[in-house]
Amino acid sequence: METLFNDLTNLFTITNLLCILLGTVVGMVFGALPGLGTVIAVALLLPVTFTLPPLAGILMLLATYQAGEYGGSISAILLGVPGTPQAAATVLDGYPMAQNESPGKALSYSLVSSSIGGIFGGLVLIFVSVPLAKFALNFGSPEYFLLGVIGLMAVGLLSGTDKIKSSIAVILGLIAGTVGIDSLTGVNRATFNQPELMDGVNLVAFLVGMFAISELFMMISKGLNNKYVADRSTLKTGLTWKELKGVVKSTTIGSLIGAGTGILPGIGGGASCWFAYAVVSKTSKDPEAFGKGSPEGIAAPESSNNASAGGALVPFLALGIPGSAAIAIIMGAFIMHGIQPGPNVFTAERDLVYGIFYGFILTTIAMYLIGRVLTPMFSRVLVVPNSFLVSIVLVLCLIGIYASKGAFFDLWLALGIGIVFYILKRLNYPVSSVIIAYVLAPIIEENFRRSLTLSNGNYDVFFSSVYAIALVLMIVAALAASVYADFKKRRHQPS
Amino acid sequence: MTWRSLNSIMSIILIMGGIGYAVNLNQSASQALLFSSSGIGPAYFPNILAGLLVILSVMTLVKNLRDKSPKNIEKVTTHNSGYILVTVALMVAFLASWQFLGFFYLNVFVLLTVLMTLYRIEFGLKNSLLVALATSVFTTGFLYGLFGQILALTF
């Protein structure tokens, strides 16, 4: 119960509220723009958090994350093009409803269910992370290493169809995370005589190169002057009580599925929205309406992807394991402020953690209010052609990288990373695995070495406790399930 | 170039990258064992990673070379590849000019104008140049106001 009663005076400061406001607006705009999306918005705002107090910076990124989830549905509903992968399921019913009934009504269902899902995710975050963190205090170095491996495996096994390419992506992220001075011995590692690499690969340059610059090249190849036509005649958002009652069941199911899948690293909003859509369409009283503009078909995926945002923060805060690329970037903000997420953060940074708990709910409320007022304005952004967006976002990327450390080396590095990752994306390497591995690399390596040093190089240390054995069994089970799934898929493929 | 060739080239680059990383790592961390009585020094974990990268890349290379599906021997097509190359070239020119000459906001203005003019060239040079100039003036002014004045960042 102590979670419920905490001093909230640190939360309601002008800086925090302005940061939430800015994050919400940026998240909604970037989420609405097909091709850009939440991850790029969070990556671009990351350098700004340098200049802010930790809570304000993190709340700004969380607000961006939350609002981006709703923003993705704006283009899904108005254009039939999902702004984010998490809004892909929303197209199925959102776009037909916008065409046949009213775009404003479809957006209202999306906004209200996103907000309910976000609040639900926030409550799950508040009530689940504290007990989980308390439980995780029993863990030692071997367990943390195994936990990190589970996080990587979840991401590696689930993020792509080609397991070898997924594994390569994970290894690339881990390698990038080991460059620089070794924190345990002070020895230089793989810096190629570049003093700028002694502190490691700059997180902002790495992120912006990998996600933003490579994505801008993708946008160029998709077309620079494609004109989207959006019906903006009836964009006023609002639902009657009766309409709201009609989607209570689907919103509840979506929220439960979203929060549950969000907690599991590697699954995230993209998969949870499809899962929620499938469950709700099967349990609905009116399954024939799905695909033709069913309100339930909008409410389920939208509540699910926002609930998964709260769920994804649970393993991140309690165990230090980020479950998605956006959360990995938010972890970057923690690291830049010298804070290591995990069970100890609940005692070491108590005000920050509780600020995040309640701040997350606040970001959802901000998303609802700003969504109600400004959705018609955001829909105008959709018609901006890529020729303008690419040029302006490119300059913003370069400013963000330079502002993070003031080093030209990082700009050249980001350009190189952008080109390499553009090719890797074209070859279906799952890029999100790279960033998760990158932020997990120090945790995994330090705990791996600490465990082996304590045991004089004996690998039995990874079977030395009940928790460690349970984690090893989970790894084996996940591997076996993945191999079995591959085997089954190959058997069903025509030769 | 086919997808098979591109995949193979990328695998070879990754193999070479893995080897290069391991060589550089072991040179720079040659004193590694001095720090460890159990042999678990600073190069231990990265060497495992380099080994895994090389093994996995070889596996991808072999798998790719054995894949004779029609999709794999299809030619790689990139729409607007010229624009991508021009964008990279302009970024290189922008970074070099900014790094060696300074004048950040002037460089931003020029980069934006050239990029937008090129990207909108299908609307005619005069039209695209005018629109690009107007947008670049506004955007550069906004960036100067936000970063140069409000946030007091120096570039």
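This report covers the interface between chain A and chain B, and the domains of chain B.

## Basis

The model is predicted: local features need pLDDT of at least 70, side-chain atom pairs count only at pLDDT 80 or more, and totals for chains, interfaces and linings use all residues. Residues are numbered from 1 along each chain as its sequence is written, chains are lettered from A and ligands numbered from 1 in written order, and side-chain values use heavy atoms, leaving out hydrogens and water.

## Domains of chain B

Chain B is assigned domain 1 (3-66) and domain 2 (81-150). The bounds come from an automatic or database domain assignment. Taken over C-alpha atoms, the domain centres lie 39 Å apart.

## Extent of the interface

Chain A brings 59 residues to the contact and chain B brings 64 residues. Contact means heavy atoms within 4.5 Å.

The buried area is about 5,500 Å², and carbon and sulfur atoms give 79% of that. Buried area is the accessible area (1.4 Å probe) that two parts lose on being put together, summed over both. In chain A, Ile399(A), Trp412(A) and Arg426(A) lose the most area to chain B. Together they make up 11% of what that side buries.

## Salt bridge

The rule finds one salt bridge across the interface. Here a salt bridge is a side-chain nitrogen of Lys or Arg within 4 Å of a carboxyl oxygen of Asp or Glu. Lys63(B) and Asp162(A) meet through their side chains in a salt bridge, at 3.4 Å from N to O.
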